[in-house]
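Walk through this protein with me, one feature at a time.

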Amino acid sequence: MAGSAQLRVRAAIVKGLFALPERVQRFLVGKPVRLDGQELAIEAQLLLLVMKLSGAKLLYPSLTRSRIAMDAGRQVVGGAVPDRVRTSEVRIPGAGEDIPATLFRPSGIAAPSALLIFYHGGGFVLGSRESHHSAAAFLADRADVAVLLPEYRLAPEYPFPAAAEDALSTFAYAVEHAAELSIDPRRIAVGGDSAGGNLAAVVAQQTTRAGGPAPVFQLLLYPVVDATARRRSRELFGDDFFLTDKDMTRMLDHYARPESDRADVRMSPLLAEDLSGLPPAYLAACGFDPLRDEGEAYAKRLADFGVPTTLDKRSDLIHGYANYLGAGTYFAKALDDAADALRAGLGS
């Protein structure tokens, strides 16, 4: 109870800070941050300051503490769930054990509806239905689609390819149980943020190469797509922007064991030889993100293979913006643009 009260106080402080006039916010955060020809959005700069002052980290020495903190973060910066979105629980048979999932359905949408399977981020070691509840509900509400949010197995307890297996099992379940879920099996999209974007890309590739059924659209938010290379953006933005170089190294070390797994296309979908025939994609890449360059490289390769691809360069944002919907308005606007692309891609 005390913990919940503390989270509510923190949420109120964050709400108050982001409601301040921009000139006051600028006084608090100091000079604009400019790097690589980009200027960080003031709301991103303010959020980073709040995180720094509160001691918030993505990874603590204890993974248990890290997981608890990521889930608790939704109560502080995740934002409210729209009233029209209802939820129900789903159990999906998986390769290892049942996969718990939450189905989000906005009131008033026709049945059978389109569906987005949204895989949460967290570097394959963090994240849950709790941490990404607000993001999934937001997408359901803004895109007028049902959203299925599975809780796949995490490393190091379940290293590669456990998460990819669960992602594929979830897609197969949605197709096979479409009537039960009141969704149209011909209008299923896959999406996710960060590690979840990786899983969405993997599902699109694996199902397409197998001859289908396959998704009809990909919603890839700042995805992890290549675990084999260090690109320039990782050097530029590997410190001071919440997701750090050390965090990425530690998370990949937990998930990809042995290191040879990192070249597997189910871990590094950018390395796939053939990307032809994949579903249309929307890919958001953040300017101040260690993953920026690999995301942009994947968008280019998709386009080179003739896949209709929208690369949305959010040059003034940081990694993880789908989880910051309760911090001002700018992060929500970015996810709203993704929801528009999803709606168009599914014909909703």
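F124 counts as buried because its relative accessibility is 1%; buried means under 20% relative accessible area, exposed means over 50%, and partly exposed lies in between, with a 1.4 Å probe and protein chains only. F124 sits in the loop between β5 and α5 (133–143). Its phi is near 70°, a positive value in a residue other than glycine. Helices (H or I, at least four residues) and strands (E, at least two) are DSSP runs, numbered from the N terminus.

A word on the source. This is a predicted model, in which local features need pLDDT of at least 70 and side-chain atom pairs count only at pLDDT 80 or more, while totals for chains, interfaces and linings use all residues. Residues are numbered from 1 along each chain as its sequence is written, and side-chain values use heavy atoms, with hydrogens and water left out.

D144 also has a positive phi, about 55°, although it is not a glycine. Its loop runs between α5 and β6. D144 is partly exposed, with a relative accessible area of 28%.

Two cis peptide bonds come next. One joins A111 to P112, with omega near 0°. P112 lies in the loop between β4 (99–106) and β5 (113–119). The other joins A155 to P156, with omega near 5°. P156 is placed in the loop between β6 (146–150) and α6 (162–176).

Now step back to the whole fold. The protein has 12 helices and 10 strands. For 348 residues, a compact globule would have a radius of gyration near 20 Å; the protein has 19 Å, which agrees. That radius is taken over C-alpha atoms, and the globule rule is 2.2 Å times the number of residues to the power 0.38. Along the principal axes, the C-alpha atoms fill a box of roughly 55 × 45 × 35 Å. Buried residues make up 56% of the 348. Take the contacts (heavy atoms within 4.5 Å) between residues at least 6 apart in sequence: 77% of them join residues at least 24 apart. The accessible surface comes to about 14200 Å², and 53% of it belongs to carbon and sulfur atoms. Areas come from the Shrake-Rupley method with a 1.4 Å probe; for residues, only the protein chains shown count as cover.

What about the spaces? On a 1 Å grid over the protein atoms alone, a cavity is a set of points where a 1.4 Å probe fits but cannot get out; a pocket is an open set with protein on both sides within 12 Å along at least five of seven lines; lining residues have an atom within 4 Å of a point. Grid points are joined across faces, edges and corners, and a volume is the space filled by probe spheres set on the points.

The second largest pocket has a volume of about 630 Å³. Of its 21 lining residues, K52, D240, F241, F242 and T244 are the closest to the centre. α3 (42–54) gives the largest share of the lining, 5 residues. T244 is buried, at 18% relative accessible area, in the loop between α9 (232–236) and α10 (245–255). Its C-alpha atom is separated by 9.0 Å from that of D289, 45 residues apart along the chain.

The structure holds 1 cavity of 30 Å³ or more. A229, R231, S233, R234, P290 and E294 line the largest cavity.
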